[in-house]
Amino acid sequence: MGSSSTLRLKRDSHRLRLLFCDNLSIARGKYLPLSGSSSGSSRFCRTTFGVHYDKDLLNAPGAMMKEGLPDMEARYEGSEVRPGWERNTSVVVGDLFDHHDNPLDLCGRGALKRAVRAWNEFGLDPVIGIELECFAFTHNENGRIIPYPTPGAVVYGTGAFADPLRFTEAIWDKACELGFKLEMLTAEYDAPQFEFTLGCDSAVNAVDDIFLFRLMAREIALEFGVLLSFLPKPMAAAGGSGMHVNLSFRTDDGTNALGDRNGTEPEEINDLAKGCLAGFMRHHKGLAGLVAPTANSYARLQPASLSGYWQNWGGDHRGVTARVSSETGAKARLEHRMADCSANPYIAVAAVLQAARLGVSGSYKLQPAETGDCFDKVDAKSGVAPNLAKAMDDLERDTELANAVGRGLVDNLLFMKRKEFQKTRDLEGEELRDFYIHFI
């Protein structure tokens, strides 16, 4: 076969992986022929938003299961197509539209874009950076899921003792090759736990990166026989895994709107930061249902767990939910520590941004900063709900936040998560973990 034929064969075999993230944080998509056009689309069944982890098909609000299971369309711009990690495959994240050509109100990416536009009305562009934590598992000779053996692993561990198979090295190499802004990789406190930190970017770009990076990391790990799980609490005897959302705001002239301060004390932060923090505090309970939306989330969200349980904020303090970074100037930021990777990251970041915006636009009064150690002493009087069902009740009561994020999306989530609570209420330990582990 001549060289021109070989090139044509390679081009003809090239494909596109079109993806979207559903409200259970499952990556859904199709492989399509790669087109050189400026945009593209493909149709999916809208009732995907009524399909649960166990493939139970439910008549969830907005899913239209009993209204003919109509189409929705995932659309993408050619400029957003990017190299993928599979052979001869590019990848892109689509925006969802209904069968009447309107943006689909169930779409998490659409909710994030609405949140960004709401901040743009203040002359500010949200900038997001996300930290991901996860645990690694393998299978024993009987096929049972067991923790990945990491002899000698320690917090801030690197090298072969933290990762004998070096699957994280393969993830790092591929991330760099594909242009992900991977800033840090380390072993976490509980072995075999790892943390990946991606650099800050405009909100939609940052969350696209997180969604794709998480999927890529899991698929590369699987090639090594490692099941990488971003569940919030996959090991009962170990700590939890979070998805910390760092946010700042870029002004029209490119400066950081949170940067004009000298420290982390209440009198040292500006009114924008105070408004955001007040929004986090006012909507603390409602946020939980959007950023920590599985039964397993509430095993992580406990007092004295450094997880975002308490309705509190502070300076450089890992025990609080909303932390003011000690960095100033261009690197100044707020960190919201409640979310975990069982959340659709688009919904989670949209919820954090909307809660912050409501605090600013509503001129909420900010409570005093936390002075306790958050282990034996805490000023905060309340925390999040004790389980998923009560978290959904809190979300339903917080109509201001729900309406800001998107009523249709929230109603769908409330229904699906209440069904999830019923499905999981008698599960615990490894049974609860295994209900989710192949998806999250």
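**Notes on the predicted model**

1. Let's begin with a helix pair. Helix α5 (residues 271-282) and helix α8 (residues 345-361) have axes that come within 6 Å and cross at roughly 115 degrees. Here axes are lines fitted to C-alpha atoms, for helices over the stretch in contact, and angles run from 0 to 180 degrees between N-to-C directions. Helices (H or I, at least four residues) and strands (E, at least two) are DSSP runs, numbered from the N terminus. The crossing of α5 and α8 is right-handed, that is, the near helix is turned clockwise from the far one by less than a right angle. On the α5 side the contact (heavy atoms within 4.5 Å) is made by Leu272, Gly275, Cys276, Gly279 and Phe280; α8 brings Val352, Ala355, Ala356, Gly359 and Val360.

2. A word on the basis of these notes: this is a predicted model, where local features need pLDDT of at least 70 and side-chain atom pairs count only at pLDDT 80 or more, while totals for chains, interfaces and linings use all residues. Residues are numbered from 1 along each chain as its sequence is written, and side-chain values use heavy atoms, with hydrogens and water left out.

3. Next, the sheet. Three strands make an open, antiparallel sheet in the order β3-β4-β7; strands pair if DSSP finds at least two bridges between them. At the edges are β3 (39-45) and β7 (95-97), each pairing on one side only. On average, neighbouring strands of this sheet are turned by 30 degrees against each other, direction ignored. Strand β4 (residues 71-77) is joined to β7 by three bridges, and alanine 74 has leucine 96 of β7 as its bridge partner.

4. The structure holds zero disulfides, a disulfide being a pair of cysteine sulfur atoms within 2.5 Å. For cysteine 45, the closest cysteine sulfur is in cysteine 107, 16 Å away, too far for a bond. For cysteine 341, the closest is in cysteine 134, at 8.0 Å, also too far. Cysteine 45 is partly exposed at 29% relative accessibility, whereas cysteine 341 is buried at 1%. Buried means under 20% relative accessible area, exposed over 50%, and partly exposed in between (1.4 Å probe, protein chains only).

5. Finally, have a look at valine 204 in helix α4 (residues 203-223). Valine 204 is buried, with a relative accessible area of 16%. Leaving aside residues up to four places away in sequence, valine 204 touches Arg109, Leu112, Lys113 and Val116.
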